[in-house]
Amino acid sequence: MALINVNTDNFEEEILDAQQTVILDFWAEWCGPCMMLAPVLHEVAEENADITVGKVNVDEEPALAQAYGISSIPTLVVIKNGKEVKRSVGVIPKAKIEELVK
């Protein structure tokens, strides 16, 4: 289980160089749907030792949000071996999140 706050300083090490699958959660404190998704992502991180959930606050890290073309939040981006493999926009149930990372 890993739930980490991601910023431009740790992005390469924690996300691009990660050995396991990463779910990047682009979110903001003022976003109601983001707050609804947060506990579900926490559960996914706790229950799956081989998945890291990286939280990217779009207000604090606009360069990362821009680099991934984030125009709506919450957006989940699945990264494997440093490359984006899947993406989902909006609140989705836990089962759908688990499907994304398979």
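This is a predicted model: local features need pLDDT of at least 70, side-chain atom pairs count only at pLDDT 80 or more; totals for chains, interfaces and linings use all residues.

Student: Is Asn 81 buried or exposed?

Tutor: Exposed, because its relative accessible area is 67% and the cut-off for exposed is over 50%.

Student: Zoom out for me. What's the strand order in the sheet?

Tutor: E1-E3-E2-E4-E5, an open sheet of five strands with mixed pairing. At the edges you have strand E1 (2-5) and E5, each pairing on one side only. From one strand to the next, the twist averages 20°.

Student: And which strands pair in the parallel sense?

Tutor: E2 (residues 21-27) and E3 (residues 51-57) do, over seven bridges. In that pairing, Phe 26 faces Val 56 of E3.

Student: Which strands does helix H2 touch?

Tutor: H2 (residues 32-47) packs on the sheet and touches E1, E2, E3 and E4. The direction of H2 makes about 165° with that of E2.

Student: Switching topic: how many aromatic pairs are there?

Tutor: Two. One is Phe 11 with Tyr 68: the ring centres are 6.0 Å apart and the planes are at 65°, so that pair is edge-to-face. The cut-off for that label is over 60 degrees.

Student: How many residues separate Phe 11 and Tyr 68, and where is each of them?

Tutor: They're 57 residues apart: Phe 11 is in helix H1 (residues 11-16), and Tyr 68 is in the loop between H3 and E4.

Student: Why do Phe 11 and Tyr 68 get classed the way they do on accessibility?

Tutor: Phe 11 has a relative accessible area of 9%, so it's buried. Tyr 68 comes in at 16%, so it counts as buried too. The limit is under 20%.

Student: And the other ring pair?

Tutor: That's Phe 26 with Tyr 68, whose centres are 5.8 Å apart with planes at 40°, so the pair is tilted. Phe 26 is in strand E2, 42 residues from Tyr 68. Phe 26 is buried, as is Tyr 68.

Student: Charges next. How many salt bridges does the structure hold?

Tutor: Four. Among them is Asp 25 with Lys 55, at 2.6 Å from N to O. That one links Asp 25 in strand E2 to Lys 55 in strand E3, 30 residues apart.

Student: Are Asp 25 and Lys 55 buried or exposed?

Tutor: Buried: Asp 25 has a relative accessible area of 1%, and Lys 55 has 12%.

Student: What does the charged end of Lys 55 sit over?

Tutor: The ring of Trp 27, at 5.1 Å from its centre.

Student: What about Lys 94 and Glu 43?

Tutor: Their side chains form a salt bridge too, at 3.0 Å from N to O. Lys 94 is in helix H4 (residues 94-100) and Glu 43 is in helix H2, 51 residues apart. Lys 94 is partly exposed at 24% relative accessible area, and Glu 43 is partly exposed at 36%.

Student: And Glu 84?

Tutor: Glu 84 has a salt bridge with Arg 87, with the closest N and O atoms 2.9 Å apart. Glu 84 is partly exposed at 37%, and Arg 87 is partly exposed at 33%.

Terms used. Residues are numbered from 1 along each chain as its sequence is written. Side-chain values use heavy atoms; hydrogens and water are left out. Buried means under 20% relative accessible area, exposed over 50%, partly exposed in between (1.4 Å probe, protein chains only). Two strands pair if DSSP finds at least two bridges between them. Helices (H or I, at least four residues) and strands (E, at least two) are DSSP runs, numbered from the N terminus. Axes are lines fitted to C-alpha atoms, for helices over the stretch in contact, and angles run from 0 to 180 degrees between N-to-C directions. Contact means heavy atoms within 4.5 Å. Rings of Phe, Tyr and Trp (its six-membered ring) pair if their centres lie within 6.5 Å; planes under 30 degrees apart count as stacked, over 60 as edge-to-face and the rest as tilted. A charge sits over a ring if NZ of Lys or CZ of Arg is within 6 Å of the ring centre and within 35 degrees of the ring normal.
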